[in-house]
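Work through the exercises below with the sequence and the 3D structure at hand. Try each task before reading its solution.

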Amino acid sequence: MGEWLVVTNLSKSYGVSRFLFSKKKRDIIKNISFSFKKDSVAILGESGSGKTTLIKMLSGIEKPSSGDIKLNVTQSPKKKNPISMIFQDYWSAINPRFTVYEALKETMNETDEKKMLDEMTNILKKVGLSADVLYKKATEMSGGQIQRICIARSLLSRTQVLIFDESFSSLDLIVVDQLLDLLMELRKEYKLKYVFVTHSLELATYFCEELLVLKDGEVEESLLVSNLMHSNSVYVKELIKAQI
Ligand SMILES: Nc1ncnc2c1ncn2[C@@H]1O[C@H](COP(=O)(O)OP(=O)(O)OP(=O)(O)O)[C@@H](O)[C@H]1O
């Protein structure tokens with residue numbers, strides 16, 4: 001199986017103000033290289049290890065200080081950046097003043113109103129929602145429903161890689177289960193790749209086939225879930241212990 005993402009010598013540092021007029025650079029991601037081969041990957045690591053900073057660079061939200069990110073997926077002509085991020089703070093993912101219709105329309109190129117509505121209805125159905133939600137505002141919907149809207153919006157914009165940043169951590173387990181089932185179905189139909197930033201080893205092992213473990217801005221380990229028990233990462237070992 002080929003590598004669909006190859007990251008080489010990637011670094012990110014932020015300027016931190018120390019004294020008046022003096023800025024010191026702080027290295028957050030430190031010259032890391034890795035690749036993803038499997039369709040579903042989890043990024044693990046202690047709080048502050050650089051997970052969010054890394055995925056912000058993968059999705060193009062942040063520019064790397066140096067290094068290279070190469071994505072080997074078939075590029076859709078309709079989409080410049082084929083990677084979408086689904087945030088933890090899903091309430092701010094959709095403008096609360098927007099109706100679902102407006103939130104979806106934002107990402108579409110279609111100008112024919114009828115075709116656009118058909119496409120929206122179709123995609124809402126795929127994510128398990130009825131067209132009734134189109135004229136509701138984000139504030140009138142549950143967390144699970146908003147996550148589904150975010151996924152629908154990514155599908156409409158022809159995304160090929162979905163990155164979830166602790167997106168499910170505030171949802172109840174039944175809703176998470178339903179969302180994972182949905183993602184499983186969509187993966188095949190849309191040939192999607194998933195990346196989950198998570199603190200949950202359960203989610204990582206249940207849904208993912210490959211793990212990337214970060215520690216203090218460096219890659220501590222990159223391994224297949226099937227080799228989990230041979231992990232050398234202290235963090236992963238602690239997660240396993242906590243689960244038993
Ligand atoms: N814009 C920024 N400017 C300065 N420092 C930043 C910025 N964004 C993140 N950092 C710092 O980078 C480090 C890594 O943060 P990051 O959010 O990537 O970690 P994380 O592994 O995702 O943590 P968590 O699991 O708690 O979400 C932290 O020390 C954070 O304070």
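Residues are numbered from 1 along each chain as its sequence is written. The model is predicted: local features need pLDDT of at least 70, side-chain atom pairs count only at pLDDT 80 or more, and totals for chains, interfaces and linings use all residues.

**Exercise 1. Confidence and overall form**

Step 1. The pLDDT is the predictor's confidence in each residue, from 0 to 100. The chain averages 89, and 93% of the residues score at least 70. Where pLDDT is low, the predicted coordinates should not be read in detail.

Step 2. For the model, ipTM is 0.96 and pTM is 0.90.

Step 3. The C-alpha trace spans about 50 × 50 × 35 Å along its principal axes.

Step 4. Two residues are in contact if their C-beta atoms, placed from the backbone, lie within 7 Å. Of the contacts between residues at least 6 apart in sequence, 69% join residues at least 24 apart.

**Exercise 2. The six-stranded sheet**

Find the order of the strands in the open sheet of six strands, and say which strands stand at its edges.

Step 1. Helices (H or I, at least four residues) and strands (E, at least two) are DSSP runs, numbered from the N terminus. The chain has seven helices and nine strands.

Step 2. Two strands pair if DSSP finds at least two bridges between them. The order in the sheet is β5-β6-β7-β3-β8-β9, and the pairing is mixed.

Step 3. The edges are β5 (83–86) and β9 (218–224); each has a single partner strand, so one side of each has no neighbour in the sheet.

Step 4. Take the pairs in turn. β6 (residues 161–165) and β7 (residues 193–197) are parallel over five bridges, with Phe164 opposite Phe196. β7 also runs parallel to β3, joined by four bridges, and Val197 is the bridge partner of Ile43 there. β3 pairs with β8 (residues 210–215) in the parallel sense over five bridges; here Leu44 stands opposite Val213 and Ile43 opposite Leu212. β8 and β9 are antiparallel over six bridges, and Val213 stands opposite Glu221.

**Exercise 3. Burial and the core**

Decide how far β3 and β8 are enclosed by the rest of the structure, and describe the largest nonpolar core.

Step 1. A residue is buried if 20 or more other C-beta atoms lie within 10 Å of its own, exposed if 12 or fewer, and partly exposed in between, with C-beta atoms placed from the backbone. Of the 244 residues, 32% count as buried.

Step 2. In β3 (residues 40–45), six of the six residues are buried, so the strand is largely enclosed. Ser40, Ala42 and Leu44 point one way, while Val41, Ile43 and Gly45 point the other way. Five of the six residues of β8 are buried, so β8 is largely enclosed as well.

Step 3. A nonpolar core is a set of buried Ala, Val, Leu, Ile, Met, Phe, Trp, Tyr and Cys residues joined through C-beta atoms within 7 Å. The largest one has 55 residues, and Ala42, Ile43 and Phe196 are among those with the most contacts inside it. Helix α4 (residues 143–156) gives the largest share of this core, seven residues.

Step 4. Apart from neighbours within four places in sequence, Ala42 is in contact with Phe196, Thr198, Ala204, Cys208 and Leu211.

**Exercise 4. Positive phi**

Locate Lys191 and Asp216, and give the phi of each.

Step 1. Most residues other than glycine have a negative phi.

Step 2. Lys191 lies in the loop between α5 (173–190) and β7, and its phi is positive, about 50°. With 11 other C-beta atoms within 10 Å, Lys191 is exposed.

Step 3. Asp216 lies in the loop between β8 and β9. That hairpin has two residues between the strands, and Asp216 takes a positive phi near 50° in it. With 13 C-beta neighbours inside 10 Å, Asp216 is partly exposed.
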